[in-house]
Amino acid sequence: MAKLLQVPPRFFPSEWHIANKTQYASAESQRSRSERVVEESQRLVDEIEKTTQKTQSDVNKKIEQRLEEIKFWKQELDDKLEELVNETEVLLTFKTRVEKALESCREPLFIAQECLLNRERRVGIDLVHDEVERELIKEVEVLQGVMALLERTLEQSNEQIRLNRSAKYNLEMDLKDKFTALTIDNYCADLTNNTPDIRYAKNVVKVEGNSVSPQDWIDFSNINVEKADKQRNNSLALRALIDSILSQTAGDLRKQCDTVNVAFRNRVKETKDAKSKLETHLAKVMDEITSQEKNIAALKKAIADKEGPAKVAQTRLEARTHRPNVELCRDMVQYRLMSEVQEITSNIQRLKDTWAQAEAELKGLSRRQLSLEEEIQVKENTLYIDEVLCMQMRESISINNF
């Protein structure tokens, strides 16, 4: 039993002093680290408090700025909406004027239409869309066609009113969203650290997938404003056009009637001049036919005259192929004979080509003779229609205001 008990270890005084110094140093080191942590913690608390306050203040400013932006665009949209609504109301009154004008444009068209129908009886090249026809069509457009113009204008008015209302709808929807955003951001601006209903919210630190950039937000409202401006400007332009159409119609009718009469007189004079020139050209063509027939006869004779020289040259070449042995020499005679054959053959071909061209020209002249004779008859028919039928009938035209 005595063997199981061991005597506690004995230390030297130096070890005792070292152990104490070690404890002192460890305690001092631990205390220093703790003091640094305390100081760092206090500094961190102060820093974060300042950062939090600065950030919250910056957010408050950003919200205020955002509110100002929303208010600015809301006012812009409000102004454009008011302008567009007023313009649409005015355009509706112009639409009523167009409808009344359209009902008043139902006469008198018979003579102008009859002239156009008579002139359809022109034949050949004289069935031309000339100045008389253009002016007659204008006359029908200012009598009958004014109705078509007013109908198109009425369609434009209806379409413009639809576009105005579409732009108005976009403005109203944008304004509605702006009002909602203004309400929400006003609520956010009023929140403080002591507001009773503030709370933690889950998964709010994120960017919504359907969110847009600030520039996209500005562009959206700007596009709505520009569309409203564009439709309002279009509406103003359309009203000016309607005013112009309604005020000029009666004067245009008289002016167009005079223009048609002048065009008829000019056209009759032009047709008579053309008929006279056609008769002159017919005489010249007849003379040229005689000249071309003589030319063809001369070409035929010239081709026949070349048969002799061609046969002589080819006979000489054939005979010289029978020269014996070394006498079959490629001398200057041989080369000149070959050149002569080629020259005569080429010249005969040139004469034949010219003969063919002359024949084609003769056929062309014959066709031109028939064409001129037919064209003179066409001009006589046109003069009867324009001078006798149309111009005499137009003497009874009377334009009245409506």
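Glu-133 is found in helix α3, which spans residues 131-143; helices here are DSSP runs of H or I with at least four residues, strands are runs of E with at least two, and both are numbered from the N terminus. The model is a predicted one, in which local features need pLDDT of at least 70 and side-chain atom pairs count only at pLDDT 80 or more, while totals for chains, interfaces and linings use all residues. Residues are numbered from 1 along each chain as its sequence is written, and side-chain values use heavy atoms, with hydrogens and water left out.

With a relative accessible area of 11%, Glu-133 is buried; buried means under 20% relative accessible area, exposed over 50%, and partly exposed in between, for a 1.4 Å probe and protein chains only. Residues up to four places away in sequence aside, Glu-133 touches Leu-116, Arg-119, Glu-120, Arg-122 and Val-128, where contact means heavy atoms within 4.5 Å. Lys-272 stands 139 residues from Glu-133 along the chain, and the C-alpha atoms of these two residues are separated by 18 Å.

A nonpolar core is a set of buried Ala, Val, Leu, Ile, Met, Phe, Trp, Tyr and Cys residues joined through side-chain atoms within 4.5 Å. This core has 17 residues, of which Val-98, Leu-102, Leu-150 and Ile-242 touch the most other members. Beyond its neighbours within four places in sequence, Val-98 is in contact with Leu-150, Thr-153, Leu-154 and Ile-242. Another core, of 16 residues, lies apart from it and has Leu-351, Leu-362, Leu-365 and Leu-372 among its members.

The aromatic residues come next. The ring of Phe-94 has the charged end of Arg-239 over it, 5.4 Å from its centre. Arg-97 also lies over the face of Phe-94, at 5.1 Å from the ring centre. A charge sits over a ring if NZ of Lys or CZ of Arg is within 6 Å of the ring centre and within 35 degrees of the ring normal.

A search of the whole structure finds one aromatic pair. It is formed by Phe-72 and Trp-73 and is edge-to-face, with 5.4 Å centre to centre and 80° between the planes. Rings of Phe, Tyr and Trp (its six-membered ring) pair if their centres lie within 6.5 Å; planes under 30 degrees apart count as stacked, over 60 as edge-to-face and the rest as tilted. Phe-72 is partly exposed, at 45% relative accessible area, whereas Trp-73 is buried at 12%.

For disulfides, defined as pairs of cysteine sulfur atoms within 2.5 Å, the count comes to zero. Cys-390 is in no disulfide, and the nearest cysteine sulfur, that of Cys-115, is 4.1 Å away. Cys-390 is buried, at 0% relative accessibility.

The loop between α6 (307-320) and α7 (332-394) contains Asn-325. This residue has a positive phi of about 45° although it is not a glycine, and it counts as exposed at 75% relative accessibility.

Finally, an unreviewed UniProt entry places the feature "coiled-coil region" at residues 268-302 and 341-382; UniProt positions are given in the numbering used here, feature names are shortened, and annotations may be inferred rather than shown by experiment. In the model, residues 268-302 are 100% helix and 0% strand, with end C-alpha atoms 50 Å apart. Residues 341-382 are likewise 100% helix and 0% strand, and their end C-alpha atoms lie 60 Å apart.
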